[in-house]
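Me: I'm new to reading structures, and I'd like a close look at a single part of this one. Could you walk me through the surroundings of the ligand?

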Amino acid sequence: MDLKEIADNLIKGKAPEVKELVQKAIDEGEDVEKVLNEGLVAGMSVVGAKFKANEFYVPEVLIAARAMKAGMGILRPILAEKNIKGIGTIVLGTVRGDLHDIGKNLVAMMLEGAGFEIIDLGVDVSPEKFIETAKEKKADLVGLSALLTTTMPSMKDVVKAVGDSGLKDKVKVMIGGAPLTQSYADEIGADGYAPDAASAVDEVKQLLGAG
Ligand code: B1M
């Protein structure tokens, strides 16, 4: 079957169609990685590009992400069974004291769409929790989101905790969120910064030398 059909439906945010087509592709014996890459990831890449170019706005991205989730629901168990590792493992969360998660969820979706394994710790995450999970899951990168100027300093605590726990050479730290800037990332010693969800994918790929 033409896997572009999956991508096209994903771009339009048609979750039931995406789910059905992914199932059909698997039933027809299509390679699971091919379905992931040429169907779901290809579609999500277009969504990311359109979001970057201001052709898509947050609602369209969320609807497309929901369609991707529907397709991933079928692929994930097969991938896990075949033990196909993603191109990197990312621990993601909104920092301590901060409850905003809409942007962080978008970043998670885009990164998952790009083939990364995402461990989403949710909101109000302490530096200790980031470190503990990064160690346990052997993460390649910790992604921090903040929407409040009052919670930005918590990112500095996480960067310090990464250094103190001996993970500095193993785990990169990327930050993002409306009040953040590259210069703040430089100031606190974070490895990377991304202004939006589509750029987050590019930045992570660059930081991890993936793709
Ligand atoms: Co709040 N809030 N809020 N809020 N809220 C803001 C952020 C605010 C700017 C509104 C304002 O005053 N104009 C202001 C912050 C001011 C400041 O710090 N300078 C504010 C405030 C003050 C507060 C409260 C303190 C209000 C109060 O109770 N008095 C309170 C704090 C609660 C807390 O966190 N402890 C609060 C609460 C809330 C709600 C719960 C009601 C709700 C959050 C719901 C939720 O997230 N589940 C909420 C919302 C919705 C907003 C606004 C309106 C929208 C935020 C949003 O979702 N944007 C916001 C005002 C605004 O931005 N217009 C506001 C859409 C989202 C897609 O964008 O999150 O920027 P964004 O994510 C982008 C990029 O930033 C980037 O990619 C995303 C997609 O492109 N990005 C990353 C984000 N994380 C990234 C991580 C990366 C890379 C990129 O790498 C890891």
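This is a predicted model: local features need pLDDT of at least 70, side-chain atom pairs count only at pLDDT 80 or more; totals for chains, interfaces and linings use all residues.

**Around the ligand**

Reply: Happy to! Asp101 takes part through its side chain, where an N or O atom is 2.7 Å from a nitrogen atom of the ligand. Thr149 uses its backbone instead, with a polar atom there 2.9 Å from an oxygen atom of the ligand.

The ligand carries a cobalt atom, and its single donor from the protein is NE2 of His100, at 2.2 Å. You can find His100 in the loop between strand S1 (89-94) and helix H5.

Next, step back to the whole shell. There are 27 residues around the ligand, and the ones that come nearest are Leu99, His100, Asp101, Ser145 and Thr149. By class, 16 of the shell residues are nonpolar, eight are polar and three are charged.

Which elements each supply at least two residues of this shell? They are helix H5 (102-113), strand S3 (141-145) and strand S4 (172-176). H5 gives the largest share, with four residues.

The domain assignment gives domain 1 (4-81) and domain 2 (89-208). Their contact takes 13 residues from domain 1 and twelve from domain 2. Between them the two domains bury about 1,100 Å², with 77% of that on carbon and sulfur atoms.

Technical notes:
Residues are numbered from 1 along each chain as its sequence is written. Side-chain values use heavy atoms; hydrogens and water are left out. A residue is near a molecule or strand if one of its heavy atoms lies within 4 Å of it. A polar contact is a pair of N or O atoms within 3.5 Å; within protein, one must be able to donate a hydrogen and the other to accept it, and residues adjacent in sequence count only if both atoms are side-chain atoms. Ala, Val, Leu, Ile, Met, Phe, Trp, Tyr, Cys and Pro count as nonpolar, Asp, Glu, Lys and Arg as charged, and the others, Gly among them, as polar. Donors are N, O and S atoms within 2.8 Å of the metal (3.2 Å for Na, K and Ca); water is not among the atoms, so sites may look incomplete. Domain bounds come from an automatic or database domain assignment. Contact means heavy atoms within 4.5 Å. Buried area is the accessible area (1.4 Å probe) that two parts lose on being put together, summed over both.
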